[in-house]
Amino acid sequence: MYKLNFEKLLAYNTGKVGIELDVTLKLKDKSVNFTAKVDTGAAHCIFERRFGEDLELEIENGIARKFSTATGTFSAYGHNLTIVTEGLEFDSYIFFYADENHKTNVLGRFGWLDRIILGLVDYEGKIYLNYYDEK
Amino acid sequence: MSVKLLDSIKQQANRLSPKEKNQLANYLLQETKISVEKDLGLHGETEEETRAARMKWLKANSEQYAGMYVALDGGKLVGAGKTIREADEQAKQKGVNKSFLVRVSSENEILSGGW
């Protein structure tokens with residue numbers, strides 16, 4: 001038997017297609033709140049451009065990268081800011097879509113999943129979260 | 001901190017004048033801010049300077065470290081490895097317990113945008 005300990009237990013709506021979590025992005029004295037889908041297939045966290053602009057980021061001043069999906073490719077820009085998901089807060093490297101029409105918000109692997117411990121019981125609509133702490 | 005000590009501090013705070021309470025609140029807010037910044041690895045410099053230094057390093061060194069994780073302390077590299085654990089452990093060996101950990105990609109790499 002294996003055992004993990006979690007600080008957070010959340011219920012999510014199993015009626016929705018994705019597993020959505022509340023996200024807050026913080027930069028200096030500004031913050032923005034929205035929901036994003038857990039996506040283990042996404043390399044990074046990628047969010048709508050308008051959320052970065054709400055934080056007064058110059059989106060194109062970030063690090064430009066190309067991403068691919070089943071339906072094509074898109075560009076996004078990486079920035080350093082603080083991400084909070086359900087009370088778990090850390091500094092990360094976050095991407096914003098170059099295209100303002102891109103509306104999918106995803107919590108991806110590098111910069112989010114690699115910082116936490118995630119437990120999922122989809123049948124019950126339960127998600128368990130904790131900071132990764134090797135102690 | 002024990003619950004007993006916290007209750008004792010609260011009781012003492014209740015005896016303060018409104019002005020003194022305000023001074024105490026400001027002090028605690030400042031202390032909390034310092035603590036949070038330390039947890040986020042934003043020690044020493046301002047938040048803006050730390051973030052700018054990290055981004056400058058990433059822009060200058062992405063091609064060299066593409067495909068690896070790096071640990072940064074402001075604009076200084078304190079760890080690098082194929083895994084986040086390797087980078088983090090190197091940083092910790094150098095005394096940096098809260099480094100900024102990033103998986104670096106090349107300009108030419110096509111990253112997965114999700115399912």
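This briefing describes a predicted model of a complex that includes chain A and chain B. Residues are numbered from 1 along each chain as its sequence is written, and chains are lettered from A, with ligands numbered from 1, in the order in which they are written. Because the model is predicted, local features need pLDDT of at least 70 and side-chain atom pairs count only at pLDDT 80 or more, while totals for chains, interfaces and linings use all residues. The predictor gives the complex an ipTM of 0.90 and a pTM of 0.81.

**Confidence in chain B**

- Chain B has a mean pLDDT of 86. The pLDDT is the predictor's confidence in each residue, from 0 to 100.
- In chain B, 85% of the residues reach 70 or more.

**Chain A overall**

- Chain A holds one helix and ten strands. Helices (H or I, at least four residues) and strands (E, at least two) are DSSP runs, numbered from the N terminus.
- Along the sequence, the pattern of chain A is β-β-β-β-α-β-β-β-β-β-β.
- A box of roughly 50 × 35 × 25 Å, taken along the principal axes, is filled by the C-alpha atoms of chain A.
- Buried residues make up 31% of chain A. A residue is buried if 20 or more other C-beta atoms lie within 10 Å of its own, exposed if 12 or fewer, and partly exposed in between; C-beta atoms are placed from the backbone.
- Of the contacts in chain A with a separation of 6 or more, 57% join residues 24 or more positions apart. Two residues are in contact if their C-beta atoms, placed from the backbone, lie within 7 Å.

**A three-strand sheet in chain A**

- Three strands of chain A form an open antiparallel sheet in the order 1-10-9. Two strands pair if DSSP finds at least two bridges between them.
- Strand 1 (8-11) and strand 9 (116-121) of chain A stand at the edges with a single partner strand each, so one side of each has no neighbour in the sheet.
- From one strand to the next, the twist averages 20°. Axes are lines fitted to C-alpha atoms, for helices over the stretch in contact, and angles run from 0 to 180 degrees between N-to-C directions.
- Six bridges link strand 9 of chain A to strand 10 (residues 126-131) of chain A in the antiparallel sense.
- Leu120(A) has Ile127(A) as its bridge partner in strand 10. Val121(A) stands opposite Lys126(A) in strand 10.
- Strands 9 and 10 of chain A form a hairpin with four residues between them. In the turn, Gly125(A) has a positive phi of about 65°.
- Strand 1 of chain A runs antiparallel to strand 10 of chain A, and four bridges join them. Leu9(A) has Tyr128(A) as its bridge partner in strand 10.

**A loop residue in chain A**

- Asn13(A) sits in the loop between strand 1 and strand 2 (20-27) of chain A.
- Asn13(A) is exposed, because it has 10 other C-beta atoms within 10 Å.
- Asn13(A) and Leu88(A) lie 75 residues apart in sequence and 20 Å apart in space, C-alpha to C-alpha.

**The nonpolar core**

- The largest nonpolar core has 42 residues. Such a core is a set of buried Ala, Val, Leu, Ile, Met, Phe, Trp, Tyr and Cys residues joined through C-beta atoms within 7 Å.
- Residues with the most contacts inside this core include Cys45(A), Ile83(A), Ile94(A) and Val70(B).
- Strand 7 (residues 88-97) of chain A gives the core its largest share, six residues.
- Beyond its neighbours within four places in sequence, Ile94(A) touches residues including Leu25(A), Cys45(A), Phe47(A) and Ile83(A).

**Where the chains meet**

- The contact takes 24 residues from chain A and 21 residues from chain B.
- Helix 3 (47-65), strand 3 (100-103) and strand 4 (110-112) of chain B each supply at least two residues of chain B's side.
- Helix 3 of chain B gives the most to that side, with eight residues.

**The sheet of chain B**

- Three strands of chain B form an open antiparallel sheet in the order 2-1-3.
- Strand 2 (76-81) and strand 3 of chain B are the edge strands, each pairing on one side only.
- Strand 1 (residues 69-73) of chain B pairs with strand 3 of chain B over four bridges, in the antiparallel sense. Leu72(B) stands opposite Phe100(B) in strand 3.
- Helix 3 of chain B packs on the sheet and touches strands 1, 2 and 3 of chain B. The direction of helix 3 makes about 150° with that of strand 1 of chain B.
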